Amino acid sequence: MQWGERMTIKHHLTEQLLMGYAAGTLPEAFNLVVASHLSMCDDCRATLAAYEEIGGALLEEAGVAMSTGGLDSALARLDTRAPEPVRPAAPGALPAPLRSYVGGDVDAIRWRSVGGGVKQAILPTSESASARLLFIPAGAAVPDHGHRGMELTLVLQGAFADETDRFVRGDVEVADQDLEHMPVADIGADCICLAATDAPLRFTSLIPRLLQPFLKI
Amino acid sequence: MTETPPEETEKAILISDMLRVRDQRDRAAFARLFGHFAPRVKGFLIRAGSDPAVAEDCAQDVMVTVWNKAHLYDPARASVATWVFTIARNRRIDLARRDRRPEPEDLGWGPEPETAQEDGLVLQQESDRLGVALKGLPEAQRELIEKCYFGDLSHREIADVTGLPLGTIKSRIRLALDKLRHAMG
Ligand SMILES: [Zn+2]
């Protein structure tokens, strides 16, 4: 990831998401979006560190006595081998946490066409929310849709614009049920996004609604 | 010369014990950290819904992980309590076997050689102020923040438990966070 690129991020995670990630209470699909954005954004990393400090301060308050012998059995289990050295992840177009779900970088994504040149790849996460990669050809649009729950969209390549603003690599759009939008990819390049939602999308026109069970979103 | 308040001395000892574990694999220092943190981790897991016997075993696991991952501890990035909290949180997530929590790219708490122990003390002081600010919150706000961290509850689940509407929960948490930020100046 390049420094100059980090500077261009304008749309960040909400405090609620960063707190949930610090506390460890988000659905897996949201954790994946948060971890991927954090991989590209130093600002949000700093905010996350502050929320983790709240966790540390709360931990300091809540003690329950251990039974006797606990320390001795812990001491008996201490590793005497040298620790594994930390290896930085190899650079790639996809952030490292996402690569572990894809099983590689962009060329390893197993796309399935959903019509109009738009492709998607559903990622394996817990059922509490779903995550998928979206490929939107340059200049193309994702059908107009609203949301029942919360939808997070992180741009990984290219850029898209909708009724609210324009989003480039690293930007994350947080949409709730009040937003009805039609994301359109920039004309210059194909757009790849990571999207996660905790409820099925609700399309406003009939045909996408009929397709919904087929798209599994 | 002014005397160092006892609490600050205690925090400085936690940092130096953690560094002894990291750099010298010092078992006596580990035993002191265990004495301080194991009961707190146990309490954390009980409040997160574990039964006491499971919490006891897991608190041991967490402390063993503190030893095994000590090379990743960086006093300039997190207070010792926060470092232990992140390990306890991850253990709690494993226990729940529901939602995995991938880590960001190379966030890894890799120590930066140029950062000295003094940086750690500054951070520790700030985190102490945070602790004081948390204690000073009105009961209702404080309880909700605690539920977010200990209770393994989403905002919606908290609403179900407390019978408060979701909007109220969100605004209370926001208010509490604003107060905390203000206290941190
Ligand atoms: Zn950010």
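Ring pairs join B:Phe30, B:Phe34 and B:Trp67 into a cluster in this predicted model. Over all chains, the structure holds seven aromatic pairs. A zinc ion is coordinated by four residues of chain A, and two charged side chains lie over the faces of aromatic rings, namely A:Lys119 over A:Phe135 and B:Arg101 over A:Tyr21.

**The aromatic cluster of chain B**

- B:Phe30 and B:Phe34 are both found in helix α2 (residues 27-47) of chain B, where four residues, about one turn of the helix, separate them.
- The ring centres of B:Phe30 and B:Phe34 are 6.2 Å apart and their planes meet at 55 degrees, so this pair is classed as tilted.
- B:Phe30 counts as buried because its relative accessibility is 0%, which is under the 20% limit.
- B:Phe34 has a relative accessibility of 5% and therefore also counts as buried.
- B:Phe30 forms an aromatic pair with B:Trp67 as well, and this pair is edge-to-face, with 5.8 Å from centre to centre and 85 degrees between the planes.
- B:Trp67 belongs to helix α3 (residues 52-68) of chain B while B:Phe30 belongs to helix α2, so their pair ties together parts that are 37 residues apart in sequence.
- Both B:Phe30 and B:Trp67 are buried.

**The zinc site of chain A**

- The zinc ion is coordinated by A:His12 through ND1, A:His37 through NE2, A:Cys41 through SG and A:Cys44 through SG, at 2.1 to 2.3 Å.
- The angles among the four donor atoms run from 95 to 122 degrees, and the site is tetrahedral.
- For four tetrahedral donors, the ideal angle at a metal is 109.5 degrees.
- Along the chain, the donors follow the spacing H-x24-H-x3-C-x2-C.

**Charged side chains over rings**

- Within chain A, A:Lys119 is placed over the face of A:Phe135, at 4.4 Å from the ring centre.

Note on methods. Residues are numbered from 1 along each chain as its sequence is written. Chains are lettered from A and ligands numbered from 1 in the order in which they are written. This is a predicted model: local features need pLDDT of at least 70, side-chain atom pairs count only at pLDDT 80 or more; totals for chains, interfaces and linings use all residues. Side-chain values use heavy atoms; hydrogens and water are left out. Donors are N, O and S atoms within 2.8 Å of the metal (3.2 Å for Na, K and Ca); water is not among the atoms, so sites may look incomplete. Four donors count as tetrahedral if all angles lie between 85 and 135 degrees; four count as square planar and six as octahedral if opposite donors are over 155 degrees apart and all others between 65 and 115; anything else is irregular. Rings of Phe, Tyr and Trp (its six-membered ring) pair if their centres lie within 6.5 Å; planes under 30 degrees apart count as stacked, over 60 as edge-to-face and the rest as tilted. Helices (H or I, at least four residues) and strands (E, at least two) are DSSP runs, numbered from the N terminus. Buried means under 20% relative accessible area, exposed over 50%, partly exposed in between (1.4 Å probe, protein chains only). A charge sits over a ring if NZ of Lys or CZ of Arg is within 6 Å of the ring centre and within 35 degrees of the ring normal.
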